[in-house]
Amino acid sequence: MSDTFFELDTSFVFGDDGFFLDPFGQPCVLMGVVEFSKFCHHLDASFESPLGRKFIYAATDAEERILSGYPSVQFGRWFGKSKAKKRLQKRAMEMGWGEFGEASISGPAHDGLTVGFSLAHHEHISKQRANVEWNQVSADMIHLEYSPKNENITPAPSPPHFPWFGSKHRGSSLRQLDVELDRRSSSFFNGDERSFFLPTHVFSYLFASIIGRPLSEDISAQFSLEIEESIEHPNTFRAAILAAKQAFEANERPVYVQSASDWEGHFADRLTKRGFGKVQVEQSIIDTESSIFSVHSPVAPVAIGLLIGMWQRAHGVIGEVKIEVTSTDLSVSISPRRVDYA
C-alpha cells in the first residue's frame, strides 16, 4: 500500500483469505467507482419498478449500525463531539468516499451511496433523525440540505441473512495481503481504477430491501442460471449476480486461461485482493465438459457474478450456470450453452 495512504490509517486488515476489515473492524470490499455505478444501474434495470432511494437508505442503515458500536465516535453531552466529528471526516477519506463537509461532499465516489453515508454521519453527530435533499452541482461536488425529523434515533434493524448472501465467517487467514493503492487528494486508485472501500453491510441492507420485488420480463433471457430449489428469494439472488456480471463486462480487462492453475492469478486480482473472499477450482472445462468452482465470500452474489463474467471472457462462450449452497461455501458449475439446431 502507498505510504500516503498509510498516513491516514494503518488498521485495515487485508486477510489472505480475501476477507477485509476496515479501521472500525467491520467487513468491507474494495470496489471500483465505475464498477459500482454499473452494478447499481444494472440491478435497478433488473426490476419492473425503479429502486429509487434504496441505495441511499442501505448506506445510511449500514453506516448507522457501524457507528453505534465504535468507541472513538461516541461523545457525551458536553465533551467529545468535535473529536467524533473529525474521526468521521477521516473515515470518509480513508474509505475513499470523498471529502465530507458540513453540507457538502467533495469528490464523491458514488452520488447516492455517499449521500447515504453522510446522512448517517449527520444524524450520529446531531443525535436527531433528518431528511436530506441533495443537489449534484458537478461530478465533483454535491450540496446537501438537512431538515430535522421528529423521530427518536433507534438502531436500524439488522437485515435478515440468507446463505446466498455470503459467509459471515472468515477463512483460514494466515497473513495480510499487500494491497497497493495510489492516494490522490481525497480519493485513491487501485491500478488505473478509482476505487473505494464499501462495508459489506451495505449489500446486506440493499439485497434485503429488494426481496419480493418482481423482476423485469427480459432478465431471464440474459443467461441461463439454475438455482437450487431450497434457496430462498432466488429472484433477488439472480438479479444481484446478473448485475455484478454486467458490471464486470463493462471493463476490457483480458482473462487468459490455458490451464486450471491460471485461474489463481485472476481470482487473486479481482476477488481475493479486493475482499471478495476466495474461489477454488474444483474442475475445469479445459479438462472436462464443465467447470466447477467453490466460492467462499462475504458477498457471494457479487463474487459469483464476477466469476461468471471472467469465465465467459476466458472461454469466449456464454455459460449455463448452476448454483448450490453447501454448509460453508457456494458451488458454482458453468458449462457452455447448448445450442439446439432443431
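1. In this predicted model, Pro 301 touches Trp 164, Phe 165, Phe 207, Phe 237, Ala 240, Ile 241 and Ala 244, leaving out residues up to four places away in sequence. Pro 301 belongs to helix α9, which covers residues 300-315. With a relative accessibility of 0%, Pro 301 counts as buried. The C-alpha atoms of Pro 301 and Ala 239 are 8.8 Å apart in space, while the two residues are 62 apart in sequence.

2. Phe 207, one of the residues touched by Pro 301, also takes part in the packing of helix α2 on helix α6. These helices, residues 33-45 and 200-209, pack at an angle of about 10 degrees, and their axes are 13 Å apart. The pair is therefore roughly parallel, since angles under 35 degrees fall in that class. The crossing of α2 and α6 is right-handed. On the α2 side the contact is made by Phe 36, Phe 39 and Leu 43, and on the α6 side by Phe 203, Leu 206 and Phe 207. By class, the contact of α2 with α6 has six nonpolar residues, no polar ones and no charged ones.

3. Helix α6 also packs with helix α3 (residues 54-68), the axes coming within 8 Å and crossing at roughly 135 degrees. α3 and α6 are therefore oblique to each other. The crossing of α3 and α6 is right-handed. From α3 the contact takes in Lys 54, Phe 55, Ala 58, Ala 59, Asp 61, Ala 62, Arg 65 and Ile 66; from α6 it takes in His 201, Val 202, Tyr 205, Leu 206 and Ser 209. The residues of this contact divide into eight nonpolar, two polar and three charged. Leu 206 is listed in the contact with α3 and in the contact with α2.

4. A further partner of α3 is helix α5 (residues 111-126): the two axes come within 7 Å and cross at roughly 40 degrees. The pair α3 and α5 is therefore oblique, and its crossing is right-handed. α3 contributes Phe 55, Ile 56, Ala 59, Thr 60, Glu 63, Glu 64 and Leu 67. The residues from α5 are Gly 112, Leu 113, Val 115, Gly 116, Phe 117, Leu 119, Ala 120, His 121, Glu 123 and His 124. By class, there are nine nonpolar, five polar and three charged residues in the contact of α3 with α5.

5. On cysteines: a search of the whole structure finds zero disulfides. Cys 28 is in no disulfide, and the nearest cysteine sulfur, that of Cys 40, is 17 Å away. Cys 28 is buried, its relative accessible area being 1%. Cys 40 is likewise in no disulfide, with the sulfur of Cys 28 as the nearest cysteine sulfur at 17 Å. Cys 40 has 5% relative accessibility and counts as buried.

6. Two backbone angles should be noted. Most residues other than glycine have a negative phi. Lys 127, which is not a glycine, has a positive phi of about 55 degrees. Lys 127 is in the loop between α5 and β6 (130-138), and at 52% relative accessibility it counts as exposed. The phi of His 233 is also positive, near 55 degrees. His 233 sits in the loop between β11 (224-227) and α7 (234-249). The relative accessible area of His 233 is 31%, and the residue is partly exposed.

7. Ser 335 is placed in strand β15 (residues 330-336) and is buried, with 16% relative accessible area. Apart from neighbours within four places in sequence, Ser 335 is in contact with Glu 289, Ser 290, Trp 311, Ile 318, Gly 319 and Glu 320. Asp 182 is placed in strand β8 (residues 182-184), where its relative accessibility of 35% counts as partly exposed. Asp 182 and Pro 23 are 159 residues apart in sequence, and their C-alpha atoms are 18 Å apart in space.

Definitions and conventions: Residues numbered from 1 in each chain as written. Predicted model: local features only at pLDDT ≥ 70, side-chain atom pairs only at ≥ 80, totals over all residues. Heavy atoms only, no water. Axes fitted to C-alpha atoms, helices over the stretch in contact; angles between N-to-C directions. Helix = DSSP H or I, 4+ residues; strand = E, 2+ residues; numbered from the N terminus. Parallel < 35°, antiparallel > 145°, perpendicular 65-115°, else oblique. Left-handed = near helix turned anticlockwise from the far one by under 90°. Contact = heavy atoms within 4.5 Å. Nonpolar A, V, L, I, M, F, W, Y, C, P; charged D, E, K, R; others polar. Disulfide = S-S within 2.5 Å. Buried < 20%, exposed > 50% of the residue type's maximum accessible area, 1.4 Å probe, protein only.
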